[in-house]
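The sequence and structure are shown first, and the description follows.

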Amino acid sequence: MADKYDALKLENQLCFPLYACSREITRVYTPYLDKLGLTYTQYITMMVLWEHPTISVRDMGELLHLGSGTLTPLLKKMEQRGLLTRARSTEDERIVNITVTEEGMALREKALDVPQHVGSCINISPEEAGQLYSVLYKILDKIGEGE
């Protein structure tokens, strides 16, 4: 017979291996991102800007699954460093747009080898990686539907 407290065991929590993997993968990124002078959150922000050179704070928050309370101080710090600019939209002053600077775009070249270095530390097949990617985005989508 199952113990009524089984649901509270760490080994029975889906959230724990997700949390632990996230922390460990972020730790693997750290030495490579240190060379770029970026934190992991700044790195994924730059990845969005390299793909979308101008984007609203709201749209960036949606892509990164980050709230404005996390994103605003991060963007201010990155703006002070010269990686991006923030400006109110001329059409709607409630919207703040972020634009990558030349310095921010130049950082892209220096970041080219980061995915390869990190990927070499994670020993799973491309098929397993694809399956994991699909499952994780399915979870994110389902959680997003509930909000």
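## Exposure of a tyrosine pair

In this predicted model, Y137 is partly exposed, its relative accessible area being 39%. Y133 has a relative accessible area of 55% and is exposed; the cut-off for that class is over 50%.

Both tyrosines belong to helix α7, which covers residues 126–145. Y133 and Y137 are four residues apart in this helix, so about one helical turn separates them.

## Aromatic pairs

Five aromatic pairs are counted in the model. Y133 and Y137 form one that is tilted, with 4.8 Å from centre to centre and 45 degrees between the planes. That angle is classed as tilted because stacked planes are under 30 degrees apart and edge-to-face planes over 60.

Aromatic rings also form a cluster elsewhere in the chain: Y29, Y40 and Y43 are linked by ring pairs.

## Cysteines

The model has zero disulfides. For C15, the nearest cysteine sulfur is that of C21, at 12 Å, and C15 is in no disulfide. C121 is likewise in no disulfide, the nearest cysteine sulfur being that of C21, 14 Å away.

Methods:
Residues numbered from 1 in each chain as written. Predicted model: local features only at pLDDT ≥ 70, side-chain atom pairs only at ≥ 80, totals over all residues. Heavy atoms only, no water. Disulfide = S-S within 2.5 Å. Phe/Tyr/Trp six-rings, centres within 6.5 Å; stacked < 30°, edge-to-face > 60°. Helix = DSSP H or I, 4+ residues; strand = E, 2+ residues; numbered from the N terminus. Buried < 20%, exposed > 50% of the residue type's maximum accessible area, 1.4 Å probe, protein only.
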